[in-house]
Amino acid sequence: MKETEWAKLVAERLDTELSGFHVQAGKKLTYANEIIEYDEGSSLYNEMGYETDILIYESTGEKKWKPRVVIETKINSVTTHDAITYSQKASAHKYVHPYLRYGIFIGNRKHYPLPGRLFRHGAHFDFMLSWKGYEPLEYEWIALIEIANEEISASKQLEEMFFNSRNKDRIKYFALHKPLITKSIKNTNE
């Protein structure tokens, strides 16, 4: 199976699970706006975008939408170069969309766990996930749904924090804590 085919299958199934949100494979998302010139009160710019493997987004009106979560996909394995490249894409997208959540998802890993190179070189990933096959085991699917929902919530909360920070009626946070949450299995033959 090709990576794009697998991403599309996962996106289609995930789309049926996340109520109020849309999931699409291959949707483009802006990662940079280069200013070409300024005119009094406006600017001419060149918008550049990457095609996302899987994008979870929210409809905000007629023909309007807001990206919430990007999931980069790989199958079988991930190289150090992949980890660095995808982490850099995450950084670029988050620079333009500061509330965006970003992760990497590897399918068909057989008995291999998430590779250490992702931990070392994936600094801009908010989550990492791998499945043993192309089709998920029950606990793998549950983990994907839980992570997707948690990341959507985090995106919404970050958006509120960034864009309402000067509003006198804003939520007044006094602490922020980013915990490290892992999921593992004892028997790798499952």
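Contact here means heavy atoms within 4.5 Å. The model is predicted.

Start with helix α2, residues 80–96. Its 17 residues reach 25 Å from the first C-alpha to the last, close to the 24 Å expected at 1.5 Å a residue. Several of its residues are buried: D82, A83, Y86, S87, K89, A90, A92 and H93. Their cover includes the helices α1 and α3 (116–121). It also includes the strands β2, β3 (42–51), β5 and β6 (101–107).

Take H93 as one case from helix α2. H93 counts as buried because its relative accessibility is 0%, and the cut-off for buried is under 20%. Beyond its neighbours within four places in sequence, H93 is in contact with L29, T30, Y31, Y50, T52, L100 and Y102.

Now turn to helix α4. It has 26 residues, which should span 38 Å at 1.5 Å a residue. The end C-alpha atoms of α4 are 38 Å apart, so the two values agree. The buried residues of α4 are E140, W141, A143, L144, I145, I147, A148, E151, I152, S155, E159 and E160. Among the elements that cover them are α1, β4, β5, β6 and β7.

Next comes the nonpolar interior. In soluble globular proteins, nonpolar side chains tend to be buried together. The largest nonpolar core of this model has 24 residues. Within it, L14, L18, I56, I71, F105, W131 and L144 touch the most other members. At least two residues each come from α1 (3–17), β4 (54–61), β5 (64–75), β7 (127–130) and α4 (138–163). Helix α4 gives the most, with 7 residues.

L18 shows some of the packing in detail. Leaving aside its neighbours within four places in sequence, L18 is in contact with V23, I56, A148, N149 and I152. Of these, A148 and I152 are among the buried residues of α4.

A second core is separate and has 15 residues. Its members include L55, Y57, A90 and Y102. A90 is also one of the buried residues of α2. Y102 is also a contact of H93.

Y38 sits in strand β2, residues 28–39. Is Y38 buried or exposed? Y38 counts as exposed because its relative accessibility is 67%, and the cut-off for exposed is over 50%.

Conventions: Residues are numbered from 1 along each chain as its sequence is written. This is a predicted model: local features need pLDDT of at least 70, side-chain atom pairs count only at pLDDT 80 or more; totals for chains, interfaces and linings use all residues. Side-chain values use heavy atoms; hydrogens and water are left out. A nonpolar core is a set of buried Ala, Val, Leu, Ile, Met, Phe, Trp, Tyr and Cys residues joined through side-chain atoms within 4.5 Å. Buried means under 20% relative accessible area, exposed over 50%, partly exposed in between (1.4 Å probe, protein chains only). Helices (H or I, at least four residues) and strands (E, at least two) are DSSP runs, numbered from the N terminus. The expected span of a helix is 1.5 Å times one less than its number of residues.
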